[in-house]
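Student: Could we go through this model together and test each label against its cut-off?

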Amino acid sequence: MTRKQILARDRKYSKKYKKENPEKVKLIQKLSYTKHKQKKLLYQKNKYLSDPIFRFRVLIKSSIKEALEDKNIRKIGSTFILLGYSAKELCNKLSSYLGFPCEEARACKGTIITENNNHIDHIEPVAKALTEQDIIRLNQLNNLRLICKSCNLAKGDRPAKFFT
């Protein structure tokens, strides 16, 4: 019997077992999820703190998802396919702000941007978006920058040019 035939037989048996024992299968899945949940969360937290590409990717994905949900729009498809750029391009753009003074320099008086004190800022706020196309347009690289946490919180959902 070839490997392919063995795998096909096992899949067939597995489907039959799952169909005949749905309670057992559900219990096994729940136990497996519980067993690995903490390990997965710890891994993601460490990656978030140590990998800027992962961190920026998570922040942009959650920003878009939240903005679409506010408009009762369901996100379909990959974030970066919708946006038309990659997570690496996002990281390169935002990393260019590290080591320089905050561009807003209102609440902070020119704090140097580091990996620990930055927020992704939408120059034109996503809160002003009315449609899915507006949300995508406002999450393009030319509308994103890093500023310090205190300035971004003070700026809120006002456009950068009006926050003077």
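Tutor: Happy to; what follows is a set of questions about a predicted model.

Student: On to the rings. How many aromatic pairs does the structure hold?

Tutor: It holds 1 aromatic pair. The partners are Phe 80 and Tyr 85, with 5.9 Å centre to centre and 70° between the planes.

Student: Why is the pair of Phe 80 and Tyr 85 called edge-to-face?

Tutor: Two cut-offs settle it. Ring centres must lie within 6.5 Å, and planes over 60 degrees apart count as edge-to-face. With 5.9 Å and 70°, Phe 80 and Tyr 85 form an edge-to-face pair. Both Phe 80 and Tyr 85 are buried, too.

Student: Now for Asn 143. Where is Asn 143 found, and how do you know whether it is buried or exposed?

Tutor: Asn 143 sits in the loop between helix H6 (132–138) and strand E2 (144–148). Its relative accessible area is 7%, and buried means under 20%, so Asn 143 is buried.

Student: What lies 2.8 Å from a polar atom of the Asn 143 side chain?

Tutor: The backbone nitrogen of Glu 124 lies 2.8 Å from a side-chain polar atom of Asn 143, and the backbone oxygen of Leu 138 also lies 2.8 Å from one. The cut-off for a polar contact is 3.5 Å. Leaving aside neighbours within four places in sequence, Asn 143 is in contact with residues including Asp 121, His 122 and Ile 123.

Student: And what makes Leu 146 count as buried?

Tutor: Leu 146, which lies in strand E2, has 0% relative accessibility. The limit is under 20%, so Leu 146 counts as buried. Beyond its neighbours within four places in sequence, Leu 146 is in contact with several residues, among them Phe 56, Leu 94, Tyr 97 and Ile 113.

How values were computed: Residues are numbered from 1 along each chain as its sequence is written. This is a predicted model: local features need pLDDT of at least 70, side-chain atom pairs count only at pLDDT 80 or more; totals for chains, interfaces and linings use all residues. Side-chain values use heavy atoms; hydrogens and water are left out. Rings of Phe, Tyr and Trp (its six-membered ring) pair if their centres lie within 6.5 Å; planes under 30 degrees apart count as stacked, over 60 as edge-to-face and the rest as tilted. Buried means under 20% relative accessible area, exposed over 50%, partly exposed in between (1.4 Å probe, protein chains only). Helices (H or I, at least four residues) and strands (E, at least two) are DSSP runs, numbered from the N terminus. A polar contact is a pair of N or O atoms within 3.5 Å; within protein, one must be able to donate a hydrogen and the other to accept it, and residues adjacent in sequence count only if both atoms are side-chain atoms. Contact means heavy atoms within 4.5 Å.
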